[in-house]
Amino acid sequence: MILKELSLHLTLPKTVSLNTLYAGKHWTFRKKKKDEYKKIIEKELARYDHHIAKGMSIYIRYNARTDVDNNVLVSKFVADTLVANGWIADDSPKHYNRLTIVYDTTVEKNYCEVEIRLRDAVARH
């Protein structure tokens, strides 16, 4: 059965800001941060039955002392994890066409609430 839309809700801690990640850091630092965050994302995804989707959009609400644009890494790490784990074919605009990031003081301090909206999702057996 194809689900027209399937929403996944993840609660994630804030990640390193884009400014920090590229402020003269060695690539191994960036890889370590990405790998650490990927494990957290995978733990959250494990709460859901695995699906394969044709498309997705990501909506992020966060409450941390970072600029909105510095939270783009949350979406990058989430999208890369979804691709790596077979939830979606790739994160090109054909499959991933919308990102919204909103500062929201109702979210727990130093956390992000991430909603992934999968389109045309089929359960993986």
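Contact here means heavy atoms within 4.5 Å. The model is predicted: local features need pLDDT of at least 70 and side-chain atom pairs count only at pLDDT 80 or more, while totals for chains, interfaces and linings use all residues. Residues are numbered from 1 along each chain as its sequence is written, and side-chain values use heavy atoms, with hydrogens and water left out.

**Sheet and helices**

Helices (H or I, at least four residues) and strands (E, at least two) are DSSP runs, numbered from the N terminus. Two strands pair if DSSP finds at least two bridges between them. On these terms, 4 strands make up an open sheet with mixed pairing, in the order β1-β4-β2-β3. Its edge strands, each pairing on one side only, are β1 (2-13) and β3 (96-103). From one strand to the next the twist averages 20°. Strand β2 (residues 51-63) runs parallel to β3 and is joined to it by 7 bridges; I58 stands opposite L99 in β3.

Two helices pack on the sheet. Helix α2 (residues 27-45) touches β1 and β4 (111-123), and its direction makes about 130° with that of β1. Helix α3 (residues 72-84) touches β1, β2, β3 and β4, and its direction makes about 155° with that of β2. Axes are lines fitted to C-alpha atoms, for helices over the stretch in contact, and angles run from 0 to 180 degrees between N-to-C directions.

Buried means under 20% relative accessible area, exposed over 50%, and partly exposed in between (1.4 Å probe, protein chains only). A nonpolar core is a set of buried Ala, Val, Leu, Ile, Met, Phe, Trp, Tyr and Cys residues joined through side-chain atoms within 4.5 Å. The largest such core has 30 residues, and M56, I58, V78, V114, I116 and L118 have the most contacts inside it. Helix α3 gives the most to this core, with 6 residues. Leaving aside neighbours within four places in sequence, V78 contacts L12, I41, I58, V114 and I116.

The buried residues of α3 are L73, V74, S75, F77, V78, A79, D80, T81 and L82. Their cover includes β1, α1 (18-22), α2, β2, β3 and β4. Just after α3, G86 takes a positive phi of about 80°.

In strand β2 lies S57, which counts as buried at 10% relative accessibility. Beyond its neighbours within four places in sequence, S57 contacts Y96, R98, E115, I116, R117 and R119.

**Salt bridges**

A salt bridge is a side-chain nitrogen of Lys or Arg within 4 Å of a carboxyl oxygen of Asp or Glu.

| Pair | N to O distance |
|---|---|
| K34 and D80 | 2.8 Å |
| D104 and R61 | 2.6 Å |
| K76 and D91 | 3.8 Å |

K34 in helix α2 and D80 in helix α3 are 46 residues apart. K34 counts as partly exposed at 34% relative accessibility, whereas D80 counts as buried at 15%.

D104 lies in the loop between β3 and β4 and R61 in strand β2, so their bridge ties together parts that are 43 residues apart in sequence. D104 is buried at 16% relative accessibility and R61 partly exposed at 24%.

K76 in helix α3 and D91 in the loop between α3 and β3 are 15 residues apart. K76 is partly exposed at 40%, and so is D91 at 30%. The C-alpha atoms of K76 and K34 are separated by 9.3 Å. A network of salt bridges links K34, K76, D80 and D91.
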